Amino acid sequence: MDIVVMARALFGTSLGFHIIYATIGVGLPVMIIIAEVMYFIKKDSDYALLARRWTKAFAILLAVSIASGTIVGVMISLLFPDFMEIVGQVIALPFQMEIFAFLIEAVFMSIYLYAADRLPPTLRLVSIISVALGATASAILITDVHAWMNTPAGFRMLPNGEITDIDTWAAFFNPSFGVTAIHVTLSAYMTVAFLVASVAALRLMKSKITDQERAYHKKALMIALYFGALMSLGTAINGHETAQMLHEYNPRKLAAAEGLFETQRYAPLSVGGYTSLEDQRVKYAIEIPYGLSFLAGDRLDTEVIGLNEYPQELWPPLYVHILFNVMVGIGTVLIAVAFAALFWKLVLKKEFPGWILAILVVSGPLALLAIEAGWCFSCIGRQPWTITDVLRTGEAATKSKSVGFLFYLFMSLYITLLFVTGFVLRFYFKRNPVSRDLSSQ
Amino acid sequence: MEASTLAVTILWSLLFIYAMLGSLDFGAGFWGMIYGKSEEKSAAQIANRFLSPTWEVTNVFLVIFVVSVVTFFPYATTLLSSVLLVPVALGLLLLTIRTTFMVFQHYAGKFVGLLRVTSGVTGLIIPALLVSILPITLGGFISFEDDYPRLEYGELLTHPTLYMHVLFGLSTELFISAVFLMDYAKEAEDWDAYDTFRKHALWLGPVSIAVAMLTIGTFPEEAGWIVDNIEQNWLIFGLSLLFFLIGYVLLFLKKPDGRKGRARPAVIMIVLQYGFAIYAYGSAHLPYLIYPDLTVSDGFTNASTFYPMLIVYAVGFGILIPAFYLFWRLFLKDRRYLKQQ
C-alpha cells in the first residue's frame, strides 16, 4: 500500500489508542479531587474509599497512557520528519513545556500512589491537585500544537520552503488555541464523568448488592452526574464557539463538516445523512432552516462559505460530516441524559429504575466514542494538509518502506493492550471487591 | 560558546541523566528478574522497591531527550528519523510492554512470574537497541538512494562494533545499577542484598572498563575522525578512569563497623566517571551529529526559537526542584519506605 497512507494509518491508530487512556488520565484525577474534597467536607469515609479505588484504576490506566504517549511523541518525529522540521522552528515551545507538565504529573503521581499513607492530608491533596494540573496542562499544551496545525500562525514560508519571520508567541497563541484547548479539556472531564457513571450504574443494576454497597455506588453516580452535566453543558457552549472559530479561520473545514457546497446566506443545518458529491448536498438529513448561518455568526443572514469556493483537490474527505455528527449528536444526547437523570433524582425525588440505569451504563462508552469521532474529524477534516495551507500530508510523511510492517506490529500491540488492561482492571477489582473495603472501614 | 554548541551540550547532559536513570531502571528490572525466584534473597525486593516509584520519572527523561533533539535540531529530524525508524519503533514497542507489565504486576499478582521475566528481558533488549544508535552515527552505515537516506542493515548487523557497543551498554548498565542498588540496600539496612549487589559490582566494574576500551578498537574504518578526537581528549578520559579506580577501591574499604565497601562515595565516583566519559565522548563527536552527513550547526534551529526554549528549560527544572527533593526524601531516604516488608 501507499507509504503515506500507511504512515497516516500507523500514527492515527497510535493517537486513537492513546486518546482513550489520555482522556481518562486527564479527567480521573479531577474526579479523585472531588471525592477527596467531599470526604473533607462530609467526613463520610465512602468518599475516601472512592478516591482510593479510582486511584488504583488511574494507576493501571496511567501506565498505558504514559507508554502510549511516549509512542505518539516519538512516532510523530519518525513518521512526519518534514512536519517536525517546521514544528521545531516555529512551535517547539508548547512541546517542551508539555514535558515539564508531564514530569510534574509523573512525580506527584508516584508520591500520591506510593507515599499517600506517609503524607499529611494537605500534602496529599497538594499531590493529587498537582497530578490533575499536570495532566490538564499537558493536554492543553499538546492541543496547542494541534490547534496550530489547524490555524497556523507566527511564521512565513518562502517559495523555496524556508521559514522566516518567526514569532514564537504568535504561534503559541494561534487563533484556535483558546477554544480548542477548552474543548479538549472540558470534553475529557465530561467523558470521565460519564465513564464513572457507567460503572456505578452497572454495579447498581446488580440484584445481589448490600445496602451499604448501594449507598456507596450512588454517591459515585451522583458526583459523576453533577460533574458530567456541568461539563457537557460547558462543552456544548464551547462547541458553538469552536464552530464560529472555524467559520472565521477555517471555513473549508466547516463547509465539509456540514456538507455545504454553495456559499450562501440563510444556510440550513443538516443533521444526519451523508454528503453526496453528485447531488451536491447532504442526503437523508434533517434540515434545520437557517441553522448553519445562525451557528456560524449568530445571525440568520450570515454568509457561510461552501466547498465549491475551493478546488476539489483541497477538499477534505466528505465523510467528515458523519464524524462531526457523531460527535455533536452524542454530546447533545449526553447533556439530555445527565439533566434528565438529575431532574428525576432531585425534582421527582425518585430512585433510578432499571431502564435509566441501563441508559447511564452506555453513556460512558458513548462519550468515549464522541471523543474519538471528534479527533478523527479534526485531523481528517484538515486533509490534504498537515499544516493547513502550508504543508501537505504527502510531503510531510516519511518515505521509509518499513512503515507497513510497523503498522501491523503496533496494531497487534494496541489490540493486545486493550484486552490486557481490561483484564487487569477486572482481575484487580474482582480480587478486591468494594464490599470488603466497606466492611473493613 | 556558540548557541548550537550550547544546545548540543544540553542534549548531552540530558543523555547523561537518562543514561544514569535508564541504567538504574533497566538494571533494576534485570536484577529483579534474576533474584525474583529465590525466596531467601531480598535483592529482588530492593530492586523492585526502587523501580516502582521511579520508572515514570525515568521515562519522562527519555521523552525530554527525544523532544530536545527534535526541537533544538529540527533540520536533523529527516535524516535521523529515516535512518532510525525501525530500531526506535521496536524500542518503543518493547518499552510499552515493559512499562505496562511492570505496573500490572502490582495489580495482577497471580501472573507475577511472567511479568517479572518480561521486565528483566526487556531491561536488556531496550538498552541494547538504544546503544546501537551510537555506532550508526560514526559513519559507514548510511547510504543515499535518490537523496533519501537508508540504514545499511546488512553492513551494521555483520559489523563487530555493533556487538561491542551492545556489550558495552549492557556491562555499563549492570555495573551502574549494581553499585547504586548496593547503596540503596545500605539505606534500607538490608545486608544480604548489599552483599549480593557488591559482589556483582566487583566483577562488572573491570569488565565494563575492558569492554569500553575494546569497543573503540572495533570502530569502523570511517570512524577515524572520532578515534583521533578521542586520543586528543585523553586527559578527560584519563580523569574518568581515575574516578573509576577511586570508586572501585572504595568498594573494598572497610567501614568502622567492619563491613566492606563505602557505598555512597563509590556511587558518587562512578557517576563522575561516567559524567566525564560522556562529555569527553560528546566533545570528540563534534562537530558531527551523524558523520559525515550532518553537523551540529547544520541541524540547529534558529536563535529566536532557541532562547525562549532555554527559558522554558530553566523555569521548568526550577519548578521541579522542590518536587524532586520531596521525591528523594520519600523514596530514597525515608526508612519507612525502604524497610517495609
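The model is predicted; local features need pLDDT of at least 70, side-chain atom pairs count only at pLDDT 80 or more, and totals for chains, interfaces and linings use all residues. Residues are numbered from 1 along each chain as its sequence is written, while chains are lettered from A and ligands numbered from 1 in the order in which they are written.

Chain A contains 15 helices and eight strands. Helices (H or I, at least four residues) and strands (E, at least two) are DSSP runs, numbered from the N terminus. Along the principal axes, the C-alpha atoms of chain A fill a box of roughly 70 × 45 × 40 Å. Of the 441 residues in chain A, 52% are buried. A residue is buried if 20 or more other C-beta atoms lie within 10 Å of its own, exposed if 12 or fewer, and partly exposed in between, with C-beta atoms placed from the backbone. Contacts in chain A between residues at least 6 apart in sequence were also examined, and 76% of them join residues at least 24 apart. Two residues are in contact if their C-beta atoms, placed from the backbone, lie within 7 Å.

Helix H7 of chain A covers residues 177-205. Its 29 residues should span 42 Å at 1.5 Å a residue, and its end C-alpha atoms are 42 Å apart, which agrees. The expected span is 1.5 Å times one less than the number of residues. H7(A) is largely enclosed by the rest of the structure, because 23 of its 29 residues are buried.

Helix H12 of chain A spans residues 354-380 and includes Ile359(A). Ile359(A) is partly exposed, with 17 other C-beta atoms within 10 Å. Ile359(A) lies 37 Å from Glu98(A), C-alpha to C-alpha, across a sequence separation of 261 residues. Cys379(A) is also found in H12 of chain A. Cys379(A) counts as buried, with 22 C-beta neighbours inside 10 Å. Between Cys379(A) and Tyr249(A) the C-alpha to C-alpha distance is 16 Å, and the sequence separation is 130 residues.

At the interface, 52 residues of chain A are in contact with 53 residues of chain B. Helices H2 (45-79), H3 (81-90), H4 (92-115) and H14 (403-431) of chain A each give two or more residues to the side that touches chain B. The largest share of that side, 18 residues, comes from H4(A). By class, the side of chain A has 36 nonpolar, twelve polar and four charged residues. Ala, Val, Leu, Ile, Met, Phe, Trp, Tyr, Cys and Pro count as nonpolar, Asp, Glu, Lys and Arg as charged, and the others, Gly among them, as polar.

H4(A) packs on H2(B) at an angle of about 175°, with the axes 9 Å apart. The two helices are therefore roughly antiparallel. Axes are lines fitted to C-alpha atoms, for helices over the stretch in contact, and angles run from 0 to 180 degrees between N-to-C directions. Angles over 145 degrees count as roughly antiparallel, under 35 as roughly parallel, 65 to 115 as roughly perpendicular and the rest as oblique. Residues of H4(A) in this contact include Phe95(A), Ile99(A), Phe102(A) and Tyr114(A); those of H2(B) include Glu56(B), Val60(B), Ile64(B) and Thr71(B). The contact has 15 nonpolar, four polar and one charged residues.

Within chain B, helices H2 (residues 43-72) and H3 (residues 77-107) have axes that come within 13 Å and cross at roughly 170°. H2(B) and H3(B) are therefore roughly antiparallel to each other. Leu51(B), Trp55(B), Asn59(B) and Val70(B) in H2(B) meet Thr77(B), Thr99(B) and Met102(B) in H3(B). These residues divide into four nonpolar, three polar and no charged.

Most residues other than glycine have a negative phi, and most peptide bonds are trans. The bond from Gln383(A) to Pro384(A) is cis, with omega near 5°. Pro384(A) sits in the loop between H12 and strand E7 (385-387) of chain A. In chain B, a cis peptide bond joins Tyr291(B) and Pro292(B), with omega about -10°. Asp165(A), which is not a glycine, has a positive phi of about 50°. Asp165(A) is exposed, with 11 other C-beta atoms within 10 Å.
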